[in-house]
Each structure stands twice: as C-alpha cells, then as structure tokens.
Amino acid sequence: GRRRACAFSKHKQVTVFGAAICFVVVFSLYLMLDHLQLDHSKNNPSSGGQLSVLQDKIDHLERLLSENNEIIANIRDSVINLRESVKDSKRVLEAGNMSQGSLEMLPSPPLVVPIDSEDCQFSARPYTKSAGGVQMSDVYDLLAFDNPDGGVWKQGFDIAYNENEWDQEPLQVFVVPHSHNDPGWLKTFDDYFHDQTQHILNNMVVKLHEDNRRKMIWSEVSYFAKWWDNIDDQKRDAVKSLINTGQLEIATGGWVMPDEANTHYFALIDQLLEGHQWLERNLGVKPKTGWAVDPFGHSPTQTYLLKQSGLSNMLIQRVHYSIKKHFSSQKTLEFFWRQNWEKDPSTDILCHMMPFYSYDVPHTCGPDPKICCQFDFKRLPGGRISCPWRVPPQAITDNNIQERAHLLLDQYRKKSKLFQSKVLLVPLGDDFRYTEALEWDQQFQNYQRLFDYMNSHPELHVKAQFGTISDYFEALRSSIASSTSGSLALPVVNGDFFTYADRDDHYWSGYFTSRPFYKRVDRVLESHLRAAEILYSLALAEMRRFGKSNNFPAVESYKLLTAARRNLGLFQHHDAIAGTGKDWVVVDYGTRLFKSILSVKRVMVSSVHWLILKDKQTFSHDPSNLFLQMDDIQPAQDALPRKTVLKLSANPISLVIFNPVEQARTSVVTVYVNRHKVQVLNSHGHPVTAQVSAVWEETNRASTEVPALALAVYQLSESQELHAAAAQYVFQQQGKHLSVNGAHQFRVSTHQDPTTPFSIENAHIQLWSSPYTGLLETSLQLKDGLEQQIKVEFAWYGTTSNKDKSGAYLFLPDGEARPYTPSQAPVVRVTKGPVFSEVTTTFTHITHTLRLYNVQGVEGQSVEISNSVDIRGEFNHEIAMRITSDLNSKDRFFTDHNGFQVIQPRKTMRKLPLQANFYPMSSMVYLQDSGSRLTLLTGQALGAASLKSGQLEVIMDRRLNQDDNRGLGQGVLDNKITANCFRLLLEKRTPSAFRFFFLHVKFLFGGHLKPNERSVFFPSLLSHTTFTYLNHPFIPMATSVDFSAIPLSPYSPLHSSLPCDIDLVNLRTIQSKDEGGGPSAEAALILHRKGFDCRFSNRNTGLLCTTTLPCRLLFQPSTMPTTDLTQLLRGLSWWCVWLGE
Ligand SMILES: [Zn+2]
C-alpha cells in the first residue's frame, strides 16, 4: 500500500495525554552583571574603562572617515546605550518584570553587544584573489558543462606528447599501492575486518618485508587500531620497522576517511584527534599527507583541519568530471588550496586532484582504462575479477616485457602531460585490495619487473618505483623548488568541490539527505559527547583540587568516553553519515550511536553528581542506583527519544540543568510532570515563571537562565494552587473549531473567527499562519520594523522515468517538485502561554510546528520550526520544505561548510540540472538582498537549494525503491519517523555599515580596493549563537526520590561567559600514557574564534558577552591546573587557545 496504514485520526490529536511544565528562571544574572561592571571599572579605574577605549577608537575613526557620519552616530548611540544598560543594570533587576503574571524578574538584556571594530574588520576584509589564483565559483561561471565524448578518456580529451620531452629531465613515476577499506558499507565494520581487513594487514607485514623496495599506504586508523589490539609484540615490532624504513605510511591518520558534506567540524576534529592520538601513542608517527579517494565531494574545512594538524599535502579524487577536465587542460590539478578568508599562504596546503573517473587501477595509470586495466594484475585470467574492456592483463615475462613496458609508459607519459612537473603519481589499488598473499605477489612482482625494465633503459628517460604518497609529494616539492623561476608555479585555489557528478547528469546530491534520522542522531551524540567531555574534565579537575575522588568512576567513565568518541568517529565515514550503507550496516551504526548516547549520559550523570554535591564527602557511586536520571530516554536505535515523566509530590525533587554553551543564556526547558499544579523554585528558593501545557503526545518547554557551562539547581513540587500559568489552546480543522476532550485544566478557546489567520508573537517577532493549514503565510514581522512576506510549503519530488533513477547517492528528480496536498484536511492547534506560543499542524506525512519563545534575547529572535516526517508508505518520493519570501535574492544563496564559519556563496545555474543546484547544509543556508537576510539554521545535515529568487528549499526525507548503480545494490526503504529541527531567522541588513567597513578597509589598503570586489561571507553573531543554542540545548537531569534530602549547590566554572565570538569546541581529557586506557591529568581545550558579519544589528540579542575581551584565561585557575594541546592545536593563527595557569 502506498498510504501509511495508521494515519492520525483527528480525535486522537485533541486528547490530553498528560501535563508538562515550562519555566523561566534568572539564576546567575546578578553575578554576570557584577562581572560586567567589574571588568569595565577594573581596566581603567579613572574613567569608563573599555567603554572609553571604544569611544576613543570611534573618535579616531570619525576623524578618518568623516563622510560616514551616519554610521559613526549609530555606533556612538550603541556605546551610549551600553553605558546606560550597564549603569542601569541593578535598577533593571529590581524593577524588571515579565508581562504575563511572572513570579520572577526577567531583566532587559543589554541593548547591544559590545563589539570591537577590529573584530568586524575580519569579516569585512575583501576577497583578494592571488595572482593566477582560481576561485571555484568563477570556474563554475566559465564552464559549459556540456559533456562531449572525449575518446578513450571519455570525459577528457586526446593527449599527445613528443618522445623527447623527458630527455632533459626524466619522468619520475611513483606507483603508490593502497587498499581502500570502508569502515562499513556493504558489510559492517566488524565483518569487513574479519573477512578482509585483518588479512590485508597481516599479509602486508609479511609481503613488505620480502622486498624493501615495496611500499604501502594505509589511512583508516579505526581498522589499524582494531588489528593492533589483536597482534603480538613481534608483529607490532615488524610494523614499527616498516614505518621507520618508510615502506609503510599512514596517510591522513583519521579514525576514518570522513564524509565532507554532512559532517560537523566538531566531529571532524574529534575523529582526527582520536586517530592522531592513537598513532602518537602506539607508533610515534605524525601523518604528513592526506589521502581522500572516496568522499563524494570535498570541503575546505577538512583541508583546514589537515593543515592545522601538521599535514602539508593532500589528495582528492571525487570532483565533478567537468572540473577535472578543466583543471587537466589548465595543468592545475596540483594547486595550493587556500581558505576563502585568507590573504597569505598560512593556510595553504598542496593538493593533488586525481584527473580521471575513479581511484581503481583502470583509471589511475593513464587516460585509457582499457590499457590501464591490463596492468591490474589481480585481474589476470583465472582470477575472480576481469577487465570489462575485454582485454585481460598478461603476466610480465621476458617475451612480452618490452611491449608491455612501452604500453604502460605511454599511459604514464600521457597522464604526466596533465601536470606541470615531471613527477608522476600512479595509485595502485582499489576497495579491499591485497587481501590474499597471491594478489601481493601478482601486483608487486609484475610491477617490479616493469620498473626494472624501464629503469634499465636510459633511452626511455624514466625512473619508476613504488612509493608512498609522501614520497611522491617530496619529489614534487623538490621539483618545484629546483624549477627555474616561474616555470613551475602552482596556482592558489579557493572554494570547494561540491556538488559532485561522476558522469552525465548524475549528481551526488541525494546523500546530503539520505537516512536523515541518523544525521540527526549524529548531532545529538555530538552535543551529548561534548557535554560529557566538558563535565568529566571539570569533575576531574575539581577532584584534584579537593584531593578527594571517593569512588568516582574515573577510568570506567574514560573508557565510556573513548568508546563513544570512536563510535562517533566511525559514523563520520563517507558511507555512514552519508546514509549510503546497506540496511543492516545502518542498524550497526545506529546501535553504536544509540549505545554511545547512553554511555555519555552515564558519564554526565556521575560527573554532575560530583560537581553539584555541597559536601563532596558524601559522594558515592552506585551504578545500580544512580543519583540523577536523564530527562529523556531513546527507547531503541531507530526510535525518537521520549521524555520521562517526573512524579511530583509535596516533597520537592531537584532538577539539575546543565548549560553546555560557553555563554550565559536564557532558554526554555521542558519537563514532563504527572501533575498540572506545579511550583518551580530556584536555588535561592524563589518561585520561577513557568507554563503548564498539555502533552498531546509531544513536547513542551520551560525557560531557564544558566551561566556558561554551569549547573543550575531547581526544585519541582506539586502545589495546591496553580502557580504556573496554564496554556490556552485553539483547535481547528478546515477553518472550523474542533471540540476537545479531557483538557479541563486548560482553556480551549472558540472565540476567534476560524477563518482569519492565526497570529502568534513575542517581544521581537509576530507571525501569521493560515487558519486552514497552520503554515506560515502572509508575513513575518520584526518588532523593530522589518517585515517580509514569508510562506512555508511542502512539496514532493518523484524520480525520473529514465533507466537511472534516484537512490542513496544520486538525486535524479522527475522535474520540479509538486505541491504537497494532503488528502485529509490537517488539524491545526494553536497554543498560547507566557513561556512560548506555537502553531502545530498535523498532516498525513508531517507534523509541523512553528514556535516563538517569550524569552528575551537570542531565543526570542528566531522562529523554531520542528517537522516530524513519516514517508514510510511512499513509493519513490522525496519530501521538501520550501520557504518562499519576497527577498530579492536573485540566483544567489549561501551555505556553510561543516558548520565552520565561512559561508560559501552559491549560484543557482540554469545550465545545470535541478539536482546540481542542491548543496550540503550542515549548519545553515541563507538568502539576502540589500535590506535583509533570511537564514534557516539546522539541527541536522540536509540537502538545500534556492531554485527561485527568494526561495529556500530543504529535502527532509527520501524514500527510493531502487539502487542507483554506485555499488550499494539496494534502494533506501528503511525510513523512520524522523524529527527535523530548524530555526528561521530574519535579520535587517545595514548596507551603510557595509559602506563604513568598506571605506575603512579601503583606507587600510591604500585605496586599491575596487568597488566590485566581494568580501568573504559570514553569518551574524546572532546567527552563530542561534545555531549553538539549537544544537546544544540545556540538559536537564532529575534527582532520584531517594536522594531528595541531599543538599546540592549550583556549580559555575567560568568567571564569566567566553567572548561571544568564541566557540568552545571541546574540553577533552587526554588519555594517560599508562596501560589501562584511563585519563591523564591533561586536557585539550579547543577554542574556535568565529568570524561574523557586523552589518547586522546586535540590539536586543541579550548576549551577555562581548568580542572585546583579549585572549586570556577565563577558567578559574584552580579548576584547570594543566592543559596540554595535541599537535592539532599548535601554531593556529585563527584558533585562539588559552593555556592553564
Ligand atoms: Zn569508500
């Protein structure tokens, strides 16, 4: 059946299931504001401290840029506002009030975030193309993407050469044996290891030792570490000697070869750290060269991380065939890949782009696969595989060696013509190659004969040998160094290599969304792992301070963290988070993620237990009766998490809330309770603003203000009176009111005219939604004046009727999407209350919620969008959410790379098929025109596009009934009920501020800047922070009833928030060098300073942080006695790292 068997009935939707409580708490603001004042008076006691410094700067700029009076005035206003807000903070706290019967004061936030003008210059710097530099977006403008038949090299062109070209400088050939081992794809990680990988590695030790001219590279540390654990010391010593002699090289050294589209940089760093730390501990090596032959497109974030990890070279393979052809014709396949924001070569990494279709042997020796296949000696007649070009390889003998060597050399020479140097790279391998001893002999013996022949014939002017990937790059670098001036000038390339196509219109944009359920679980694990790492590191530091750890499970917790890091790392593999594995492999990954979430929750609970105890003496760890319970439970690897219901009585239970973010913050927390009369008290015993909502088998919320990385404690109890305001509801279907049963504690209104649009609002935003569909329509209005027409719709894509159809990798739609028209009119539910208001619509395939929080600051400035999607009954359908606005964005839109700060400008191109215009969205996508910017921030990686001016589109799930011929051998039919979450942010853009910075930059650069030179694109500070809040929600934990009498005390490790442009990526305890895998006394503090765009208002963001703080230690010295940073963090120019005192 194509329809879901169990569609929601309308009666089910309007039955109350339970109650939940939401609360607004101000906990640490006194402290925060005290610090703010302290900071300002401390720096300059005689006058206004930083404020007057800022004032001085502005006076200076005013003199320099007298023509920009308007801007100067704006900034001056901001400073005055800030001055007043600081001065008045005490008064605000005393008088502050929340509009709707609040019990506690909710202070007005500072009107502006103090931003150092120098911090703005970073984002306002113009893009400066280096001489001969290549910007990928220009290449896209230039190319026709016409795909003509290139002859033997189908996607390329004929290559000719002169026999005597190498007479002066011989051709140097490095044949690099490699074996591509996917940590899960058609088999699970463990099955591959058992069936193939362990044999490859075992044979490697034997076969490399047989002849010291043989070489091999390996890149997946996940496999290497598993094998290492199972081999004896003798074999380990043999491996170390192969490493020391340079016969074996570990390339990249990550836990996996990660997907570069869907991954977030937290996990990219984490898996790289895990791999590099393993290598340092066990082999004492640091990788020099990156090797990425299989990720389906390449991101500059990975490039940046490799460079900062000490690598100087890298290789990529899956790049659009037209780009490969273009780079080949320009001889620019080798280039320095540079970050978009960088002016100097400090981030440059030498990159080799493989020119042909694949990394297998037929596509690596030269342009003609029919010939190259004859030099894949695993395909010798009689073996299990053969050559599809129907000319088999021949074993090399005295009789055929001359002819064979010339045939191969001809390919080498032709391939060499695509490069500037006379050094040639020839990879030799494929998926899971070199399993059997025979295969080692076939490849290595036959190639050695060919090399010996070539090298002994000087008239051939060639030196051919086995090499590692770094051997190749070393030779290339010395060739560059010795070349006469300018003859070997490799270009600088900016940009990325998305969206990948391997042939025809086969664009790999499907995997940006495939298996979205797990793309979301990945983010949940990242957030939980990070929280657990931070809490665990802080708890260990506190224990060292107090000198008591009682029976705290330090080693056991560290093992749980290590396993979780490795499972998260494994999932970054290019067939894991990509959603391109077999169904049972997906279940294996899902189970690993699920177990890891449970593990890190255990680490969190024991760490928090220690940190919040008033009397640390009373700590006792009992795994069978945990002190705290997490507030939600994921029942299975393929099910969405569910909230646990707190059983309330007159005796209060404690709710501990962790703020995993490095800034103080006000957000909403939801807990389920079994009573609707509830009182919430903060740690001072003051009542807290709360909202009680009905649970319609879904969530509701509470709002809390918690300082950076702190733990707050609240008391929840049943009360006699109704302390918390009950939410009010409206239910409608087809423009008619519905009656509601069982909701007698709540007010269900029928007064409103059921045909007029619903409106919900908070202090910042008002929005209108359709009374028939509940979807956003008409407009979104900011209270400061900006109004934009915005409409939300859903749409279906089908797949083409051609032979090749959409699958896990490919998106091959049957034209434009068709509007989603549900067969049954949806039920629309409107909720209004003091903490949040929302509109929820239940369609057959989607439950869609628009929510506004009545919270000052960041949380109140965006619209939360939650979609619960269920397309399990569909046939070849993909469902998209489309946001249509009246922004005049033309064909331009912007997406991020891996949540890293730099935004890639995208251009929707008519010369490309629809599916080519989809790009990965790992943190955000936005549109802008001269007056405003509309950003969709995401809680999971998905594919996004802007197919029309003013329009944003996100694919939410895909169900595909067939394979797309990329080796997976199945469709995508294991869909789940999938929760997607987003924030929609509308911001006013100030072109005049741009002019200000533009002129300022012009001044700095001596007026050389041309007006049409673009600057690099960045999100606003508000956008960055909203993303962080969305992806790192508060983590609530409740004490078990048995422990309700034990006194707890809130915990706050930071003096104040970190600067608001700083991301605390992780605080990760380093493994001890001792046996046993426990923690050392060292932790890596990883901080990332984010670039942001100052053209956006920072009024009313409520951020209790500034960008003006210098790089100094913000942790209380006692909590962080020592930190040690791994090589990943050394010499970072753009990462800002503090060391402990
Ligand atoms: Zn692979």
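This is a predicted model: local features need pLDDT of at least 70, side-chain atom pairs count only at pLDDT 80 or more; totals for chains, interfaces and linings use all residues.
**Disulfides**
- The structure contains 2 disulfides.
- One of them joins Cys373 to Cys387, with an S to S distance of 2.0 Å.
- Cys373 sits in the loop between α14 (369-372) and α15 (401-416), and Cys387 is in the loop between α14 and α15, so this pair ties together parts that are 14 residues apart in sequence.
- Cys373 and Cys387 are both buried.
- Cys365 and Cys372 also form a disulfide, and their sulfur atoms are 2.0 Å apart.
- The disulfide of Cys365 and Cys372 is left-handed because the torsion about its S-S bond is about -90 degrees.
- Cys365 is buried, and Cys372 is buried too.

**Two further cysteines**
- Cys351 has 0% relative accessibility, so it counts as buried.
- Cys981 has a relative accessible area of 15%, and it is buried because the cut-off is under 20%.

**The largest cavity**
- The largest cavity holds about 300 Å³ of space.
- Its lining is made up of 24 residues, and His264, Tyr265, Phe1027, His1032 and Asp1063 are the ones that lie nearest the centre.
- Two or more lining residues come from each of α11 (265-282), α18 (516-546), β40 (900-907), α22 (1021-1031) and β48 (1062-1071).
- Sorted by class, the lining has 10 polar, 8 nonpolar and 6 charged residues.

Methods:
Residues are numbered from 1 along each chain as its sequence is written. Side-chain values use heavy atoms; hydrogens and water are left out. On a 1 Å grid over the protein atoms alone, a cavity is a set of points where a 1.4 Å probe fits but cannot get out, and a pocket is an open set with protein on both sides within 12 Å along at least five of seven lines; lining residues have an atom within 4 Å of a point. Grid points are joined across faces, edges and corners, and a volume is the space filled by probe spheres set on the points. Helices (H or I, at least four residues) and strands (E, at least two) are DSSP runs, numbered from the N terminus. Ala, Val, Leu, Ile, Met, Phe, Trp, Tyr, Cys and Pro count as nonpolar, Asp, Glu, Lys and Arg as charged, and the others, Gly among them, as polar. A disulfide is a pair of cysteine sulfur atoms within 2.5 Å. Buried means under 20% relative accessible area, exposed over 50%, partly exposed in between (1.4 Å probe, protein chains only).
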